[in-house]
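Please take a moment with the sequence and the model that follow.

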Amino acid sequence: MQGSANLNLMIKAARKAGRSLVKDFREVENLQVSSKGPGDFVTRADREAERIIKQELMTGRPTYGWLGEETGETEGADPTRRWIVDPLDGTTNFLHGLPHWAVSIALEHKGEIVSGVIFDAAKDEIYWAEKGTGAWLNESRLRVSGRRAMSDAVFATGIPFAGRGALPATLQDLARLMPACAGVRRWGAAALDLAYVAAGRFEGYWERGIQPWDMAAGIILVREAGGFVSAIREGDDPVQNGSIIAANSALFEDFRKVIRGE
């Protein structure tokens, strides 16, 4: 596996955290669980994974900034670089014994995501990308799907739960999209939804009201695999706006028009 020193550091941290999570996943019924809110659980495993990642990354690059789901934001001595980390995307799946969750690590430079790693530890699939060098799954090069007809396409999204505000808009999206496509999936891990777009498993993905750590690594994976990514609203930045739409190049415009109601 060829990559920059930063990418290799990210992969090492993701694998180390993933090993810790797999161990806890096998004993999921014994996990100590606390709750941040309805349907949004925090586990000991989640916190330990972020501790592992932060120790690895900040030891290797102590001047970089940090944005993590559990520990928040810390400005670094180098204001141009920042790690963006979700130690366990798909926490609810994890707690229910569903093997669909991932570690997500991205590196941002001057406001642009330049490297990303998503590790699906339960399946031993590690997705990685760097700006200008392509996207990869383990040792295989990734390309987005070649499907060109909406009627053949499968899309992914996240459906808001527990009273979250984006539910009405998402239901309207589904009402417009489902008659036009081959199917919609809601698998509960935004990072893996984006990784699957990069791998050609989904033709596209969209979601509202998500956090930078949910999408950052996936953005560069999709772009480096030949896909397009934007915010749902024209001109916004997905990471700053909290909404995202991603798809293969052939379907991106048609897909975006449906989601925007154009």
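The structure holds 18 salt bridges, a salt bridge being a side-chain nitrogen of Lys or Arg within 4 Å of a carboxyl oxygen of Asp or Glu. Side chains of opposite charge can pair when their charged atoms come close. This is a predicted model, in which local features need pLDDT of at least 70 and side-chain atom pairs count only at pLDDT 80 or more, while totals for chains, interfaces and linings use all residues. Residues are numbered from 1 along each chain as its sequence is written, and side-chain values use heavy atoms, with hydrogens and water left out.

One of these pairs is formed by Glu73 and Arg82, whose closest N and O atoms are 2.9 Å apart. To describe how each partner is placed, buried is used for under 20% relative accessible area, exposed for over 50%, and partly exposed for what lies in between, with a 1.4 Å probe and protein chains only. Glu73 counts as exposed because its relative accessibility is 55%, whereas Arg82, with a relative accessible area of 14%, is buried.

Another salt bridge joins Glu125 to Arg201, and here the closest N and O atoms are 3.2 Å apart. This pair links distant parts of the chain, since Glu125 is in strand E8 (residues 125-130) and Arg201 is in the loop between helix H5 (190-198) and strand E13 (204-207), 76 residues apart. Helices (H or I, at least four residues) and strands (E, at least two) are DSSP runs, numbered from the N terminus. Glu125 counts as buried at 15% relative accessibility, while Arg201, at 35%, counts as partly exposed.

In the salt bridge between Arg256 and Glu253, the side chains meet at 2.6 Å, N to O. These two residues are three residues apart in helix H8 (residues 252-260), so they are separated by about one helical turn. Arg256 has a relative accessible area of 13% and is buried, whereas Glu253, with 40%, is partly exposed.

What does Ser104 touch, not counting residues up to four places away in sequence? Ser104 has its place in strand E6 (residues 102-109), and with a relative accessible area of 1% it is buried. Its contacts, where contact means heavy atoms within 4.5 Å, are with Ile84, Val85, Asp86, Val117, Ile118, Ala191, Trp213 and Ala217 once residues up to four places away in sequence are not counted.
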